[in-house]
Every structure is written in structure tokens, then in C-alpha cells.
Amino acid sequence: MRWILNNIVINGFTYIVFGTALGTIVYLIWKLAGRWSEKRGYVDISYWIWKVVLLSFWCPISFFVLLKIRKNGLYGFEFWKTAFIMDIASILFFIWVAGTVICIIRYGNQHRKIHKAIRQCEVKEQSPILQEQISEISKRVKLHRSVKPVILHMIEVPMAYGLFQPKVLLPAKEYSQQELEVILLHELVHHKHHDLFWKQLFQITRCIYWFHPAMQDILRQLDQWGETVCDMTVSRYVKSVKDYFNIIITIAVERPECDVYMAGLCEGTKLLMLRMQRMNAYMKKRPLKKVVSAGLVIMVFGVSAVTVAASSVGYAKGYSYIADKTQDNEIATIEDVPQQDFEEKTEKLSKSKTTIILDEKIPRMNGEIAFSNTIKAGQRLESKKAYIKRGTIVELSVTSGMEEDGDSKDISTGITDMKGNARYISDDWDLWYSFKIEKSGYYKIYVENYGEKVVNVAGTCSLKEEEAANEKNN
């Protein structure tokens, strides 16, 4: 159980680190490049790129590159679980878990309050005339969803609400026909663009990366550009963009930002001015927009790819360095404890047993690998073959758990040649032995589960010259 928990901690910690790194890099790139593109009139790509920024926190590709590095045995990387690494990773991981749980509770309370308010307040369905108007505008903007109008006395401005049951929430005010048409166009376009989905996805992301200082700015950018793109779309359906913004200014409420679970006309003066400036740039967009947009996208993904490679290699090297520095003290402590003697046995391995091929290769001389696998009853874990010279010492250390945890000790580990002639030790939770190669040739290392239940094993294998091994033992 502790072995599984350690794996969750170290893998979860690494995943969050890489998600933070990639998301931050993409955020900083577009923060700078976005200003350049906006000044030159390339405004309609920005909302799409900010969505990519948000998604980059969900796609820590570096983590999967790191797993590939581990599989290929590069840079000596393995998820070594030294006491120092596990202490630091555990503290940070559980702090992250606590922060995430708090954010989820707060976010859940926000949703609960708005749902409770909608149930308790006097809510009236609008007349069939208003519903018919919504249906007609939905057809114009090609929104293929059923949206209901709702009057809610507790709100001040119209809002798009409802991810799965879309609604347009209207305050208990009287609007002219022109104002009502603009309001419905604006809110229905929010539903068409799935802006509420992106706000919900952002909130989940903020719960995971609650510690990230850029989260509030990402929300602000998504909110601002969501409104800007909404204005661009609505401009195709109104007779006068000037009249459209005059109506928006009339009905908008001075608030810094809307709630994360709805989209409404709660813009401040600065944001309204920014939206009008962006609309003006959109109306005068340059003919090379698509080419430049493609170039910006390529730049973002190109720099991201370099970041992925560099962060993966850097993490692998840094992790291995820390493991080496902190493992020495642990090894010194372990060597002071007398090791149990095992009787070396021989057997002919059965070819009928199901065999699992170990991802890690037998290390080179003076090298070491670590492995961890789950082996079902009756299965054998084998490495790929490797050429080992006569006189080489193969040191194997395999554990299947703890005696006090009731883990199985029905395992054996050893080396075998290509004819299935095996030398092994067995019958304990912790197996540690040095096998001397008597004849040069191809060999495999293996771990076999001859018990009746599944076991989780972890171990190391190292190759040493006979003199070096003797010095270590002495």
C-alpha cells in the first residue's frame, strides 16, 4: 500500500510540475506576442490562442516525454524514492491536495448559492412572443440548441446561463424592442460560442493550479476576448455597430468581471472602451491576417516543443542528481545492517509460464537500473537479453513489500541463459544477492511469482567487475 501511495505522490507531483511549466511558458509567450498581434489588427485569433493557453495546463507533454526517457534508460533517470525526495514531494503534494480541495469547496458553494437563489426567487417564464423571438434569433445565428428566457429579480443585467440547460436570464426591467433584440443576440452568441464551457473549464483549472499567480489574468483575458469575439459575431447581424455599442453602454453595469459560471453585461468603462477599440481593429483587419495568424500559432507551438524537450531533460538530470546525492547517506546506513544470506539454487525455467517483458534493459558495466511491476500469480517478469562477460558480478535486489503488511514472499529472482538454465534465490519479501557470471554470453534477469496472489515488486540490478564487488563487500 505504501509503495502505491509513494508512486501516486511522486507521479502526481511531477505531473503538476510539468503542467505548471508548460502552461506558464505558453502564457508568457502569448502575453507578449498577443500585444504585438493586437496592435497590428490581428484580433480575431487571440481568443482561440487564449483557449490554447488554458488547455496547455491540461497537457503536460513533458511528463510523457519523461516516461520515454525513463523507459530508454537515458541520463540515468528513474523515479528513485529516496527519503529526502519523498519527504519534499509528499509535503508539497499534500499542500497542493489541501489547496485543491478548498478551491473545489468554494467553487461548489458558489454554484449552490446561485442554484438556490434561482429556486427561491420569483422566476417567471416569459410570454410565447419572447420565446418565439429567441427561436427566431437562434436560427439567424445558427444556434442549434433550445434556449429558454427567464426573468430573475435578483440580477441587474442580462446574462447567459446554463451549460447543459441554456437560458437567457433577464432582470425585471422594461426594454425597448431594439434593446431586447441586441440583448438576445449577444447572449445567444455566447451560447453559440460555448463561452460558458470555457469558463467552467477555467474554474476547474484554477482549482488544480490554485497556486499559480497568472490564473486571474487568464480568466480576465478569456472573459475580455470572449466578449470581443461575441461583438464581432453580433456585428454581422445588426444594422449599425454604433447603435449596438450605444445599447451595450446603456444597459451594462459597472463591475470588474462576471462570475465564472455565467456571461453577462457587467463591463466596466475601460473594458467597454477596449472592446470598441478591438472592434474597430477587426473592421479594418489586414489582408495577410491568415498568414500571420498561422505564423503566430507555429511560433507558440514551436517554442512550446522546445520547452517540452528542455524541461523533460532538465528534470531527468536534476532528479537523478538529487537522488544520487541523497541516496549515498541511505546506502551507507543500509550497508551497516547485516544482510540475510540466501541459498543459491538452480532450475530449468518453464517455457509454459506467461512472461512479462521488462521495459528497462540490463545496465552496462558499473551501471544500475531500477524497476517496479505488478506480477500476477504464475507469471514471470524478464528483462531483454544482454551480453555479459565472464567474471562480471550481477547484483539483484528485489522486494515484494513488508512482512508486517502481510505481503507475499512467494517470489524468486535470478539470472538465466538463453537455454533457460537459471540461478536464483527465493522465499522472502526482500531478496538481495550477487551472481557471478561463470561464462560469457547472453543473459536475462527475472522475477517470478510462484504464489497464489498478485504481487507488486520493486528492485534494482547493477553490473560490477569482480574486484569492485569484492571491495564493496569487504
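Buried here means under 20% relative accessible area, exposed means over 50%, and partly exposed lies in between (1.4 Å probe, protein chains only). With that in hand, here is a tour of the structure. This is a predicted model, in which local features need pLDDT of at least 70 and side-chain atom pairs count only at pLDDT 80 or more, while totals for chains, interfaces and linings use all residues. Residues are numbered from 1 along each chain as its sequence is written, and side-chain values use heavy atoms, with hydrogens and water left out.

**Overall picture**

The protein has 12 helices and 16 strands; these are DSSP runs numbered from the N terminus, with helices (H or I) of at least four residues and strands (E) of at least two. Of its 474 residues, 49% count as buried. Contact means heavy atoms within 4.5 Å, and among contacts between residues at least 6 apart in sequence, 77% join residues at least 24 apart. The protein exposes about 25100 Å², with carbon and sulfur atoms supplying 57% of it; accessible areas come from the Shrake-Rupley method with a 1.4 Å probe, and for residues only the protein chains shown count as cover.

**Cores and helix 8**

A nonpolar core is a set of buried Ala, Val, Leu, Ile, Met, Phe, Trp, Tyr and Cys residues joined through side-chain atoms within 4.5 Å. The largest one holds 45 residues, and W50, V53, I218 and Y319 have the most contacts inside it. Helix 1 supplies the largest share, nine residues. Leaving aside residues up to four places away in sequence, I218 touches Y27, W50, V53, F57 and F202. Another core, of 28 residues, lies apart from the largest one and includes V189, M232, I247 and I248.

Helix 8 is mostly covered, as 18 of its 20 residues are buried. The expected span of a helix is 1.5 Å times one less than its number of residues. For helix 8 that gives 28 Å, and its end C-alpha atoms are 28 Å apart, which agrees.

**A nonpolar patch**

Patches are made of residues with over 30% relative accessible area and no salt bridge; like charges are joined within 9 Å, nonpolar side chains (Val, Leu, Ile, Met, Phe, Trp, Tyr) within 5 Å. One nonpolar patch of about 830 Å² is made by F84, I88, I91, L92, I95, W210, F211, Y321 and I322. Helix 4 gives the most to this patch, with five residues. I322 sits in helix 11 and is partly exposed, at 36% relative accessibility.

**Salt bridges**

A salt bridge is a side-chain nitrogen of Lys or Arg within 4 Å of a carboxyl oxygen of Asp or Glu. The count comes to nine salt bridges, including these:

| Pair | N to O distance |
|---|---|
| D217 and R220 | 2.9 Å |
| R423 and E344 | 2.7 Å |
| K345 and D427 | 3.4 Å |

D217 and R220 both lie in helix 8, three residues apart, about one turn of the helix. D217 is buried at 9% relative accessible area, whereas R220 is partly exposed at 36%.

K345 is partly exposed, with a relative accessible area of 26%, and D427 is partly exposed at 41% relative accessibility. Finally, R380, E382, K444 and E448 are linked in a network of salt bridges.
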